[in-house]
Amino acid sequence: MGVSRDEEESSIGAATRAQRSRPHSLAQKLKTLMAHRTDARGRAYVSRTLSQAVDDLPDAPTSASFALIAKLANGQQDNPTIKTVLALCQALGDVPPAYLLPHAAYDDLEALEAFENPLARHVLALLSDLPEDELRDVVAHLEQRREDLGMPSAPDRSSVEKPKKARRRRTGTEAARYAADALEGL
């Protein structure tokens, strides 16, 4: 569309890295994509232009009204159909659909785009059972290779903590039962 892949990666990658510690909702991710990707006129997407881009897709799986897109981007609706997600991702420049899942494991757009490459998936499969010291050697070799080729270094993800699983809140009845059991010493 209007922005080169490198510019997209640097702008969205920076936004992704800046807030990697907290998971994003579908609304936050959609807003980020709309702000950093450009339409046919070179402008950031708004609900109407994204709706039009979905309608202009060849063999569009569905249509998406601008009202639906606005509700999704504002968090008023958070359960779109799979066809809607696929159409939005395709219209936004073939974004991996997993990126719009509201889970911390899918917040890294750069990794998801790399995973779309069959060779990258093959490399991951080859690395899957290696001991940790061997993995560190491979990483060091790849970092050196990128430097030799004059490529920018990949972001350091080793300091990123895996998010803790959220605890389920007890209902009022469960809390009352728990408190009663605790008082009775059970």
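D107 and K29 are both buried, where buried means under 20% relative accessible area, exposed over 50% and partly exposed in between, using a 1.4 Å probe and protein chains only. The two residues form a salt bridge whose closest N and O atoms are 2.9 Å apart; the term requires a side-chain nitrogen of Lys or Arg within 4 Å of a carboxyl oxygen of Asp or Glu. Because D107 lies in the loop between helix 5 and helix 6 while K29 belongs to helix 2, the pair ties together parts that are 78 residues apart in sequence. Helices here are DSSP runs of H or I with at least four residues, numbered from the N terminus.

This is a predicted model, in which local features need pLDDT of at least 70 and side-chain atom pairs count only at pLDDT 80 or more, while totals for chains, interfaces and linings use all residues. Residues are numbered from 1 along each chain as its sequence is written, and side-chain values use heavy atoms, with hydrogens and water left out.

The relative accessible area of K29 is 0%. Leaving aside residues up to four places away in sequence, K29 touches H24, Y99, L100, L101, H103, Y106 and D107, contact being heavy atoms within 4.5 Å.

The count of salt bridges comes to four. One of them joins R37 to E113, with 3.3 Å between the closest N and O atoms. R37 sits in the loop between helix 2 and helix 3 (47-55) and E113 in helix 6, so that this pair links distant parts of the chain, 76 residues apart. Both R37 and E113 are buried. Another salt bridge brings together the side chains of D39 and R41, at 3.8 Å from N to O. In that pair D39 is buried at 5% relative accessible area, whereas R41 is exposed at 56%.

Helix 2 (residues 26-36) also packs against helix 4 (residues 66-73), at an angle of about 115° and with the axes 7 Å apart. Axes are lines fitted to C-alpha atoms, for helices over the stretch in contact, and angles run from 0 to 180 degrees between N-to-C directions. Helix 2 contributes L26, A27, L30, K31 and M34 to the contact, and helix 4 contributes I69, L72 and A73.

Finally, D94 has a positive phi of about 60° although it is not a glycine. D94 is found in the loop between helix 5 (82-91) and helix 6 (109-115), and is exposed at 57% relative accessibility.

Key. Helix = DSSP H or I, 4+ residues; strand = E, 2+ residues; numbered from the N terminus.
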